[in-house]
Amino acid sequence: MTETLVAQDEIQSVARQCLAQGYFLESFTAVDFAECIELVYHFNHWGPCQRSCVKVLVPKNGGSPGAWSTPSISSIYKSANWFEREIHEFFGVTFAGHPNLKRLLLPESSEIFPLLKSFKGEPKGADVTQSLKLMQEDTREFKTQEAVSLTQKNKDYYLNLGPQHPSTHGVLRVLLHLAGERVLAGEPIIGYSHRHHEKMMEIQTYLGCWPNMGRLDYVGAMSYNMGYALLAEKAMGLVPTPRAEHIRVLMTELNRVSSHLLWMGTFLLDLGAFTPFFYCFDDREKILDILEMATGERLTYDYFRFGGVDRDIPAEFAPAIKDFIPEFKKRLRDYDKLIRQNIIFEKRTKGLGILTKENALAYGVTGPSLRAAGVAQDLRRDEPYSLYPTLDFQVPTSTDSDAYSRYWVRFREMEESLKIISQLVDKIPAGETKLARIPKNFPKGEYYSACESARGTFGMYLVSDGTLNPYRFHLRTPSFSNLNAIVDMLPGCVVSDVVAILGSIDIVLPEIDR
Amino acid sequence: MIFKELIKIIIYGTLVVLFISVNALFLVWAERRVSARIQLRRGPIHVGWQGLLQTVADAVKLISKELVLPKEADRFLYILAPMLVFAPLLSAFLVLPLAQNVVIRDLNIGFLFIFSLTNITFIGIFIAGWSSNNKYALLGSMRAVAQNISYEIPLLLSTMGVVLLTGTLKMSELVPAQAKGWFLFTQPVAFLIFLCSSLAEANRAPFDIPEAESELVAGFHTEYSGMRFALFFLGEYTAIFISSAIAAALFLGGWQGPLLPGLVWFLIKTYGIIFIVMWIRWTFPRLRSDQLMALAWKVLIPLAMVNVFVTALVLELQKILA
Amino acid sequence: MEINKDPAFLDTQMPPPGLVNLFRVEDALNLARANSLWPLTFGLACCAIELMAGGASRFDMDRFGFGVFRPSPRQADLMIVAGTISRKMVPCIKTLYDQMPAPKYVIALGGCATAGGPFKYPGQYGILEGIDKIIPVNVYVPGCPPRPEALIAGIIELQKQIKEGRTQGTMSPAAVADSQDARPAEYRDAISRADFRKPA
């Protein structure tokens, strides 16, 4: 990974060069130091990874938060739009030239910049009734958009899809600008599930960060465990035991299948088909049984440890997987017949929500949504980690980049994951699952590592000052960038398609809001 | 004389309302059990024997729920709408031939009377969506009206084949005309079109776009609570029963059948069709509104017209040959 | 609000026996209500997945009649608060609760909805520590996330409460305060970048 420090006013030309060379903005965050705010841009390339890290210093000059300014690159990279809003609200950096520099994750009325080190927590005993009143003022904006009366002369109006809506997969709000049923524009509004993971991890020990990993993307938590383990092992120079390595990959792939199953069920639910949801959950329960044998948990896994896994797998673990694989393969064939070959499904999803390659690059889309656009980018192959270099698996792609191909790519990914599982299940070596001694903290320095989660590239950027807690821990979550890309998919479709598009890109809200 | 008539009206009215309620309770229970069976579940089994009391509990609860009246709603229309949806369906029972000689009023215009009256429910649905002052409800009711107008045409056209064969609209004459063979076999295309259109008329999946749960929250009845909501529900299930009953009378030979009494045969056939309707609901994804319109105008209506034309042609040829 | 559970006090609160006694009717209605709890389709975070699993094939809440998930609050009886309540979401939850027709019940599912769960730390800025600060809660189901069996047990507990006619729910004490965590805060000051970059 190359690292360059550029001046504030050069960043736009650097970003332009990067875009011209086919780099996408993978991660963009900031670190608060005593004299300046350090902006950290991570650019990455499709195909074999060539990461380049660019840094910009925004001097504080004794000013207060909000007064620190730097040029925006949101006109070059569309994904920077949300990243910059996030940095603005958490660090008080103003991005000159940003079209819409509002709060992203916190309520409009907030006056805090929580990720600054000068923020020492909300005063004890913040009164709920008072804050409720404040927050209800926020919803006035909600209401004014709603109140664009239906009797007015022009025929367009606003519709708030969410935050409580059956098919927003959590608490996402999409503000739709409609004419009749036709969508003129749509804007996702997030933050309804913001759980201050990043600030929280700054006051926790490194070991204490594990439970957070399970609760970010709770549907595919094993990949997040994997990501943190990789980061820690890279920083501490640990090598996990072979047995632990095997268990980790098995767990991650099983969890990927269960995550895709949940997605498939809810996506079909969005399209109005109820029954696939129950079939998918039935299969998912079988996977959860297997995972539960080893982890003791059904959902928010907190299983990996630095250099190993928390506890050993029981004896019936491997036989259970072996029973499950043929059964599930049969089920997959059923799904294919019932869902993909159904004419209504085909008509509803073909040509829907097209994501062009240019947009995918500009928004930094990763994961199955990107592979459905014909780009075979998969960190398991492009930046091999753990056991993946020794395994035989394909990276399924599709060319149409519509909702149908996103379905098809995820479907085939399940088959590939099964292939990986069946390669490993017979070869789990004996031995220890934990290292005897592990350090308590990361050595002083900064670390970036990424892995492939069920939804795309999960990157972690950690700054350690050598103490027992992280100095700054930023999580680059795949759905954050993927969701932003729907802004360009929505115009022109109808309300029914909005939920189908939302479903097809597979989002998990707490992972976006963090 | 007038007195006698009055008593008759009261008795029949009570019977019909009773039947509608019991029928809806049974159908909701059946729907939940059928869907559970399809979805690898058990469905309601703990409230009463086999969960039969489940829907009774639901009904009692709905009656005792608070009736919310949204502040911004158009009060008069908001209260009127559920009644307008429910009441016209009662009238349909006037002409249903439940068994031989068991028809309340054997009208000359027969099932045309049912179609013309049950369509008032769509005005009710539109009023419900409009008066709720909720955008989801309004979208749902706009979809309902568009859907109803489109599907009314193939629905009526598909029955015309049967009318051509018998030369009457009277329900009591349509059924005996099938003594030799059900119209299902002579008019198979018409039957499929009828089934398809009646699904759409009753807002059932895969044509349930007016209440599309995953898109429009609950569609036109988003703002309705308690008994007012229950009336929509009751209306929906009664509409399914009526259209299935008509299908049974027109295409499956109505009350005719060996051994069992006519009423039993009629109910068996009707509930058989309802079962198929449920089966379809839990199997298919939902269509989009424009695809729904396209299906009506580009496929069903031309097909129904061809069907009428071919039937007429065959009849004429038979006449010439004879 | 402090609830006085003293039996002697409760006896004084009972209405005197009169000519018309509606207790029986009320009992019958309560029985119907208890057996027909329609939850609101509403999920906030991790617990919502377990809520979905509870409705799906293996656990099948529909067996007891809890399976009719209504997406519109107007038709729901039961609000299952499944997940962390972020402060941005608080007014929405309050609105949803107000939109539900009476009688209505609330289940706090999981640690977050009960008291902030794992996301509670001194001086936290993002979440509401427990849904009972804004709406009354009937049943708390612990777990992070609770298993679907626990959810079903929670609803059955609620059924019991409804049948016995005690459904007012509990709210947090009146002086509602967030960030009650008594641990010392471990917030650190910013370090100098020059120091940090200096080669060791």
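A:Asp506 sits in the loop between H16 and helix H17 (509-513) of chain A; helices here are DSSP runs of H or I with at least four residues, strands are runs of E with at least two, and both are numbered from the N terminus. Its phi is positive, about 60 degrees, although A:Asp506 is not a glycine. A:Asp506 counts as buried because it has 28 C-beta neighbours inside 10 Å. The scale behind that word runs like this: 20 or more other C-beta atoms within 10 Å of a residue's own makes it buried, 12 or fewer makes it exposed, and anything in between is partly exposed, with C-beta atoms placed from the backbone.

A quick word on what you're looking at: this is a predicted model, in which local features need pLDDT of at least 70 and side-chain atom pairs count only at pLDDT 80 or more, while totals for chains, interfaces and linings use all residues. Residues are numbered from 1 along each chain as its sequence is written, and chains are lettered from A, with ligands numbered from 1, in the order in which they are written.

Now for chain B. B:Leu40 also has a positive phi, about 60 degrees, without being a glycine. You'll find B:Leu40 in the loop between helix H1 (2-38) and helix H2 (54-64) of chain B. With 15 other C-beta atoms within 10 Å, B:Leu40 is partly exposed.

Chain B is divided into domain 1 (1-64) and domain 2 (74-321), with bounds from an automatic or database domain assignment. Their C-alpha centres lie 20 Å apart. Where the two touch, 15 residues of domain 1 of chain B are in contact with 15 residues of domain 2 of chain B, contact being C-beta atoms, placed from the backbone, within 7 Å of each other. On the domain 1 side, H1 and H2 of chain B each supply at least two residues, and H1(B) gives the largest share, eleven residues. By class, that side has eleven nonpolar, three polar and one charged residues. Here Ala, Val, Leu, Ile, Met, Phe, Trp, Tyr, Cys and Pro are nonpolar, Asp, Glu, Lys and Arg are charged, and the others, Gly among them, are polar.

Follow H1(B) and you meet helix H11 (residues 226-251) of chain B, packed against H1(B) at an angle of about 90 degrees with the axes 9 Å apart. Axes are lines fitted to C-alpha atoms, for helices over the stretch in contact, and angles run from 0 to 180 degrees between N-to-C directions. So H1(B) and H11(B) are roughly perpendicular, the term for angles of 65 to 115 degrees. B:Ile20, B:Asn23, B:Ala24, B:Leu27 and B:Val28 in H1(B) meet B:Leu234, B:Tyr237, B:Thr238 and B:Phe241 in H11(B). Those residues divide into seven nonpolar, two polar and no charged.

On to chain C, which has seven helices and three strands in the order α-α-α-β-α-β-α-β-α-α along the sequence. Of its 200 residues, 53% count as buried. Among the contacts in chain C with a separation of 6 or more, 82% come from residues 24 or more positions apart.

Chain C also has some cis peptide bonds to look at. One joins C:Ala102 and C:Pro103, with omega about -10 degrees; C:Pro103 lies in the loop between helix H4 (90-99) and strand S2 (105-109) of chain C. Another joins C:Cys144 and C:Pro145, with omega about -10 degrees, and C:Pro145 lies in the loop between strand S3 (139-141) and helix H6 (148-164) of chain C.

Key: Parallel < 35°, antiparallel > 145°, perpendicular 65-115°, else oblique.
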